[in-house]
Every structure is written in structure tokens, then in C-alpha cells.
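Please read it alongside the sequence and the model.

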Amino acid sequence: MLQSKIAGIGYYVPEKIVTNNDLTRVMDTSNEWIIERTGIEERRYIERHKETTSTMGTEAAKIAIERAGITPQDIDFIIFATLSPDYYFPGSGVLLQRQLGIPGIGALDIRNQCSGFVYGLSIADQFVKTGMYKNVLLVGSEAHSMGLDFTTRGRNVSVIFGDGAGAVVIQPTEEKGKGILSTHLHADGEHAEQLAYINPGSHCGIHGDREKFGYPDQEFGGMFLTQKMWDDEDLYPNMNGQFVFKFAVKKFPEVIMEALQTNGYTPADINLLVPHQANLRIAQFVQKVLKLKDDQVYNNIQKYGNTTAASIPIALCEAWEKGLVKDGDLVCLAAFGSGFTWASALIKW
Ligand code: UT7
């Protein structure tokens, strides 16, 4: 069977920098609180009316495609991972396809939140390994700034997230032992609502929340988006932060060890771990548990916040541009997030 590899990588972040102090103008928070609890110093927000999730993805994709030494016309499949799409439907994959001018090929949108990039990598890997596609474009992109609650009520969520996009081109390789060695995907829907953006949606009172959301007594329609949701501003993501944190620090080491053990490696063999940038404290905890040295882990949440499906490709690309990912290096990607979903990938670069 063929192996697949990352043949090109790129990222795009909007120009607009929003510091912690900028956020103190609209909500009760502080630079000290945000840095102490998350490590985040600043994040990027898209330019309103000009940029979207798909346009950022397109910018990142152009760089990845060029670095892979191909043209957009060579791409034979698109995978787009996001939780903040341009439209409720269709997905952002077809919009990116239109922007790249490559109609006709398949475009798959996936919804695996913070694990979206690693889930997408696994899908791309399977398509390439079987010989079905030769140039799969995988994009993770998020425009969080358009859908957060910027009042004090939403501060535990809104200070964390930032906008940006990352992209890779996955191709087959004939170099033995090189490329994507394995991917590992997990999910547990038991805690789906602990980190979720539930409205608008078709849940319509099934969880006993009929009154809370004001579902009307009518035979048809009116259940997706109610006036009460609008009036109560129940249209934002919410997170039980401590609960999510506890799962994250357990699942990250587990799924990293799964990838290492599958391939006969130990943490000491990792050249670079690129964890999903959820919270610097989580990454530091994982580093400690696995006894990794500082130069074995790459973090950039300080500059970009948590960009969900985009965080791993942005961090991986930045590390690669700095020369921290070299030929033959063992690179581990790991993610945890809403769903819950968690996943890892081990790559011999
Ligand atoms: O990427 C997807 C996966 N997501 C994660 O992995 C995130 C995991 N969770 C976390 O990173 C942390 O739980 C947070 C950073 C979200 C929150 O930190 P925390 O230490 O768990 O804080 P908390 O939610 O327990 O809140 C502690 C206090 C509360 O005040 P009281 O009740 O003690 O008076 C909050 O109201 O901090 C308050 N608080 C804030 N204060 C200032 C919450 N958010 C803020 C804020 N600024 N932005």
C-alpha cells in the first residue's frame, strides 16, 4: 500500500491584532486573568465585510499548493474542517473550490471542531493510500470573531478564540517509512453539550428545554430559531471550561501515547509535538506528563488564541517555516475538543 505525506503547507491569519487589553473595553476581564489562565496575549480577527472562513482558507491553500509544487488544477479532492462556516449550508469547501477556480472535484466538509484537522488528515491519508486521489487539499479555517458573545456573560469563551486558517496538500510518497505513519480518531458524545453551539438547531425541546428556548405551539416550522432564543441571546457557543479542561489533560497524553506505541516509539523519540492550541496550561501539563523538553513542543497560542480546526496547521506551518520541522523528524499532532472528540497523527517528515 502507498504511504501519504504532507507535500505542502501554508497558513493565513488576518492582519487585525486584538490584544487582551482591547477586550477589556467591552467586557469585564483583564490582561492578567487571560494570560494566567490561558497564556493568550493576543489573537487575530478577520476584517468584517471583507474576509470569511472560506477566503482565509483559500489564502492558506494557495500557499500550500505552491509549496507542494503543483497548481490548483492538480488538486483532486478538498476536505474543509471548520465549526464557523460561511453559511449554515452549503459547507465552506465548495466556496473555497469556487475561489480556487477548480470546479468538478469532490469537496467534503467535516465538523469535528478542535480535532477537525487531524480527522481530515486521516481521511486524506486513506484516500491517498488507496490510490483514489493524488493531491488532496485539506484546510482548517475558523472565523470565530463573528459569532462570540463579547459581553461579560460570554467572557470565559470569547477571550480564548481567534481567527485564522491552515492548509496542507497530501500526496503519495514512495520513500519507505516516511509520511503519515498512523492516525487515531476518537469521540464520546456523552458530553456533547459541555462545549457546544446548540442554536439554531433541530433539537427543539428534546432535552427538556422547551420553555427555555420558547418553542412555539404550532404544527409546522418556527422551531429552528425562535424569537425567545433571539431575545435571550441564546445564540452563542458555551463551554463548561473546567470540565473540558479535565478531559483534555487526560485525553491528550492518552492519544499521543497511542500513536507512539502503535509505531514502536516513546515520547523521547518525538522531535516535535504540535498540540491543538486550546490553552497553554493544557499544553504545559501534557508536556510535563510525557516528560518532554521545551524544544519538543511547539506552542503559538500566545499570538493567535485558540483557532480550533486551524490551530494545528497554523502551528505546524509556523514551526516548519522556522526550520523546526526537518527531513526525517518524528512529528506528532494531537487534538482534543468539542464532541468530545480527540485524535492524533504521527508523521515521519
Ligand atoms: O479548544 C477546545 C477545548 N477547550 C479547552 O480545552 C478549554 C478548556 N478550559 C479552559 O481552558 C479553562 O477552563 C478556561 C480558560 C476556559 C477558564 O479558566 P478557569 O480557570 O477554568 O476559569 P473558570 O471558568 O473556572 O472561572 C473562574 C472565575 C469565575 O469567577 P468566580 O465565579 O470565581 O467569581 C469566572 O466568572 O473566573 C471568571 N472568569 C473570568 N474572569 C475574567 C471567566 N472568564 C473570565 C475572563 N476574565 N475572561
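Buried means a relative accessible area under 20%, exposed means over 50%, and partly exposed is in between, with a 1.4 Å probe and protein chains only. By that scale Lys178 is buried, because its relative accessible area is 15%. The model is predicted, so local features need pLDDT of at least 70 and side-chain atom pairs count only at pLDDT 80 or more, while totals for chains, interfaces and linings use all residues. Residues are numbered from 1 along each chain as its sequence is written, and side-chain values use heavy atoms, with hydrogens and water left out.

**Lys178**

- Lys178 is in the loop between β7 (164-173) and β8 (179-187); helices (H or I, at least four residues) and strands (E, at least two) are DSSP runs numbered from the N terminus.
- Its side chain makes a polar contact with the side chain of Asp327 at 2.9 Å.
- A polar contact is a pair of N or O atoms within 3.5 Å; within protein, one must be able to donate a hydrogen and the other to accept it, and residues adjacent in sequence count only if both atoms are side-chain atoms.
- Not counting residues up to four places away in sequence, Lys178 touches Gln3, Ser4, Thr173, Asp327, Gly328, Lys348 and Trp349, where contact means heavy atoms within 4.5 Å.

**Ligand site**

- The ligand is surrounded by 21 residues, and the closest are Thr29, Arg37, Gln242, Asn279 and Asn306; a residue is near a molecule if one of its heavy atoms lies within 4 Å of it.
- Polar side-chain atoms lie 2.7 Å from a ligand oxygen atom for Arg37, 2.9 Å for Arg155 and 2.6 Å for Gln242.
- Of the 950 Å² of accessible area that the ligand has on its own, the protein covers 73%; accessible areas come from the Shrake-Rupley method with a 1.4 Å probe, and for residues only the protein chains shown count as cover.
- Two or more residues of the shell around the ligand come from each of α2 (31-38), α6 (155-158) and α9 (241-262).
- Helix α9 gives the largest share of that shell, four residues.

**Buried positions elsewhere**

- Ser141 is in strand β6 (residues 136-142) and counts as buried because its relative accessibility is 0%.
- Leaving aside neighbours within four places in sequence, the contacts of Ser141 include Thr53, Met56, Phe80, Thr82, Gly164 and Ala309.
- Helix α12 (residues 311-321) is mostly covered, with nine of its 11 residues buried.
- Among the buried residues of α12 are Ile312, Ile314, Leu316, Cys317 and Glu318.

**Backbone geometry**

- Just after α12, Gly323 takes a positive phi of about 80°.
- The peptide bond from Phe89 to Pro90 is cis, with omega near 0°, and Pro90 lies in the loop between β4 (77-81) and α4 (92-100).
- Asn199 and Pro200 are also joined by a cis peptide bond, with omega about 0°; Pro200 is in the loop between β9 (195-196) and α7 (210-213).
- Glu233 is not a glycine, yet its phi is positive, near 55°; it is placed in the loop between α8 (227-231) and β10 (238-239) and is partly exposed, at 40% relative accessible area.
- Lys291, also not a glycine, has a positive phi of about 55°; it is found in the loop between α10 (280-289) and α11 (301-304) and counts as exposed because its relative accessibility is 72%.
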